[in-house]
Amino acid sequence: LETTKIRRLGYSNRITFADFLRRYSVLVYPFRTDLPPTKEACLDILQRLNLHNWKIGKTKVFLKYYHAEKLSKMYDDFIRRIIVIQSAIRRYLARKVYAQKKAQVNKSATVIQRCN
């Protein structure tokens with residue numbers, strides 16, 4: 001009966017505190033992984049993300065469909081930015097290794113030419 005009442009009010013997404021924090025805490029605290037799965041931590045994240053019309057229960061966060069879509073989009077954008085940064089760093093490191101190997105080959109070629 002309680003689930004039907006919640007659905008009728010429009011809160012189609014019900015996420016436990018632990019799952020909510022595991023997925024969306026990186027949007028507010030990207031370097032913090034020790035957040036306790038509490039009501040206060042979830043409230044803080046929801047307020048910092050400027051979301052409105054959500055409800056918090058004893059063990060779950062109740063979100064409307066547009067909250068879930070907005071959070072999902074924010075999460076995907078965040079992950080996309082991380083991937084761009086990772087690819088730039090990997091490209092830099094690969095170029096550095098390539099330059100070192102190229103310099104080593106040139107040095108070896110010079111030594112071989114001196115011996116002949």
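These legends describe close-up views of one predicted model.

Residues are numbered from 1 along each chain as its sequence is written. In this predicted model, local features need pLDDT of at least 70, side-chain atom pairs count only at pLDDT 80 or more, and totals for chains, interfaces and linings use all residues, while side-chain values use heavy atoms, with hydrogens and water left out.

**View 1. The largest nonpolar core has 21 residues.**
A nonpolar core is a set of buried Ala, Val, Leu, Ile, Met, Phe, Trp, Tyr and Cys residues joined through side-chain atoms within 4.5 Å. Buried means under 20% relative accessible area, exposed means over 50%, and partly exposed lies in between (1.4 Å probe, protein chains only). Phe20, Ile45, Leu46, Val61, Leu63 and Leu71 have the most contacts inside this core. H2, H3, strand S3 (60-63) and H4 each supply at least two of its residues. Helices (H or I, at least four residues) and strands (E, at least two) are DSSP runs, numbered from the N terminus.

**View 2. Ser25 and Ile45 touch each other.**
Ser25 sits in the loop between helix H2 (17-24) and helix H3 (39-48). Is Ser25 buried or exposed? Ser25 counts as buried, because its relative accessibility is 8%. Contact here means heavy atoms within 4.5 Å. Leaving aside neighbours within four places in sequence, Ser25 is in contact with Phe20, Pro30, Leu35 and Ile45. Ile45 has its own list, again not counting residues up to four places away in sequence. Ile45 touches Phe20, Leu21, Tyr24, Ser25, Val28, Tyr29 and Leu35.

**View 3**
A salt bridge is a side-chain nitrogen of Lys or Arg within 4 Å of a carboxyl oxygen of Asp or Glu. The structure holds five of them. An α-helix has 3.6 residues a turn, so residues three or four places apart point the same way. Asp19 is partly exposed at 36% relative accessibility. Arg22 is exposed, at 60%.

**View 4. Further salt bridges include Arg32 with Asp34 and Asp44 with Arg48.**
The side chains of Arg32 and Asp34 meet at 3.1 Å, N to O. Arg32 is partly exposed, with a relative accessible area of 39%, and Asp34 is exposed, at 54%. For Asp44 and Arg48, the closest N and O atoms are 3.0 Å apart. Asp44 is partly exposed at 23%. Arg48 counts as exposed at 53%. The pair is four residues apart in helix H3, so about one helical turn lies between them. Elsewhere, salt bridges that share partners join Lys73, Asp77 and Arg80 into one network.

**View 5. Helix H4 has 51 residues.**
How far does H4 reach from its first C-alpha to its last? H4 reaches 75 Å, close to the 75 Å expected at 1.5 Å a residue. The expected span is 1.5 Å times one less than the number of residues. His67, Leu71 and Tyr75 are buried in H4. H2 and S3 are among the elements that cover the buried residues of H4. Arg91 also has its place in H4. Arg91 is partly exposed, at 45% relative accessible area. Arg91 and Lys101 are 10 residues apart in sequence and 15 Å apart in space, C-alpha to C-alpha.

**View 6. Ile85, Ile89, Tyr92 and Leu93 form a nonpolar patch on the surface.**
Together these residues have about 420 Å² of accessible area. Such areas come from the Shrake-Rupley method with a 1.4 Å probe, and for residues only the protein chains shown count as cover. Patches are made of residues with over 30% relative accessible area and no salt bridge; like charges are joined within 9 Å, nonpolar side chains (Val, Leu, Ile, Met, Phe, Trp, Tyr) within 5 Å. Ile89 lies in helix H4 (residues 65-115). Ile89 counts as partly exposed, at 47% relative accessibility.

**View 7. Asn50 and Asn53 have positive phi values.**
Phi of Asn50 is near 55°. Phi of Asn53 is near 65°. Asn50 is in the loop between H3 and strand S2 (55-56), and Asn53 is found in the loop between H3 and S2. Asn50 counts as exposed, at 53% relative accessibility.
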